[in-house]
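The following note sets out a few points for a reader who is new to structural models. Please keep the sequence and the structure in view while reading.

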Amino acid sequence: MTGETFRPSKAMILAAGLGKRMRPITATTPKPLIEVNGQALIDHGFDRLAEAGVKSCVVNVHYLADLVEVHVLRRRDMEILVSDEREELLDTGGGIKRALPLLGDEPFFQLNSDTAYWIEGVKPNLEHMIDAWDASRMDALLLVAETVKAIGYGGRGDFQMAKDGALSRRDERGVTPFAYAGAALLNPKLFDDAPEGPFSMNRLFDKAIEQGRLFGVQMEGVWLHIGTPEAIADAEYAVR
């Protein structure tokens, strides 16, 4: 890390998805508003961002958009801006690209409302990310969790991580120790030359890997992956 530590003042929470794997709950409740430990998933994310000093947060909406919008605009600890995707769901990359005019030119936090949920360790994980951020080397810094310690995660991992934190993809048939935990620090430059319309952030992560500019920070604490209705009880038990 060189010079003064950069602390993001802006963030985006992705909250537009359909939540298909959480049916039947998501038939009437959008996934970001599903309660875990007495609080909507998206509010756990807002709390983490507020603790890290974020002053302004963009939330994108599509599925059951009115419910999400009414809920998030109740926050009083930061400015909430809504990015409207009611007409067309833009996927993770397209959704963030649409919101860039609201996010400005500086690096910003980005959380997935459904997967960025964890029990903190000694030091908050967003602080670990702030400490590790180095704009001269990175276009994106991802919070990654050890899959063996995660609650509710059944996948094969997403990334290999080198000693310096550089990330590379898991081989198609392989297994890796780290999964993306749904929290990132992103430089808006990452979106230069990004396509129009819907696209996945994985496209930009792969571009950053090619350029040696995708890095990771290992999560401290326990990642709670809320992917199915059954996972809610597991997460609540883990917190208790």
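1. A residue is called buried when its relative accessible area is under 20%, exposed when over 50%, and partly exposed in between. The model discussed here is a predicted one.

2. Is Met129 buried or exposed? Met129 counts as buried because its relative accessibility is 0%, and the cut-off is under 20%. This residue lies in helix α4.

3. Which residues surround Met129? Leaving aside residues up to four places away in sequence, Met129 touches Phe109, Leu141, Leu142, Leu143, Ala183, Ala184, Leu185 and Val217. Leu143 is 14 residues from Met129 along the chain, and their C-alpha atoms are separated by 7.3 Å.

4. Pro124 lies in the loop between β7 (118-120) and α4 (125-132). With a relative accessible area of 33%, Pro124 is partly exposed. Its C-alpha is 12 Å from that of Gln218, a residue 94 places away in sequence.

5. Helix α3 covers residues 91-103, 13 residues in total, and spans 18 Å from its first C-alpha to its last, close to the 18 Å expected. Within α3 there is a kink of about 30 degrees at Lys97, shortly before the proline Pro101. Just after α3, Gly104 has a positive phi of about 80 degrees.

6. Where does α3 pack? Gly93, Gly94, Gly95, Ile96, Ala99, Leu100 and Leu103 are buried in α3. The buried residues of this helix pack against the strands β1, β4, β5, β6 and β11, and against helix α5 (201-210).

Conventions
Residues are numbered from 1 along each chain as its sequence is written. This is a predicted model: local features need pLDDT of at least 70, side-chain atom pairs count only at pLDDT 80 or more; totals for chains, interfaces and linings use all residues. Side-chain values use heavy atoms; hydrogens and water are left out. Helices (H or I, at least four residues) and strands (E, at least two) are DSSP runs, numbered from the N terminus. The expected span of a helix is 1.5 Å times one less than its number of residues. The bend at a residue is the angle between axes fitted to the seven residues ending there and the seven starting there. Buried means under 20% relative accessible area, exposed over 50%, partly exposed in between (1.4 Å probe, protein chains only). Contact means heavy atoms within 4.5 Å.
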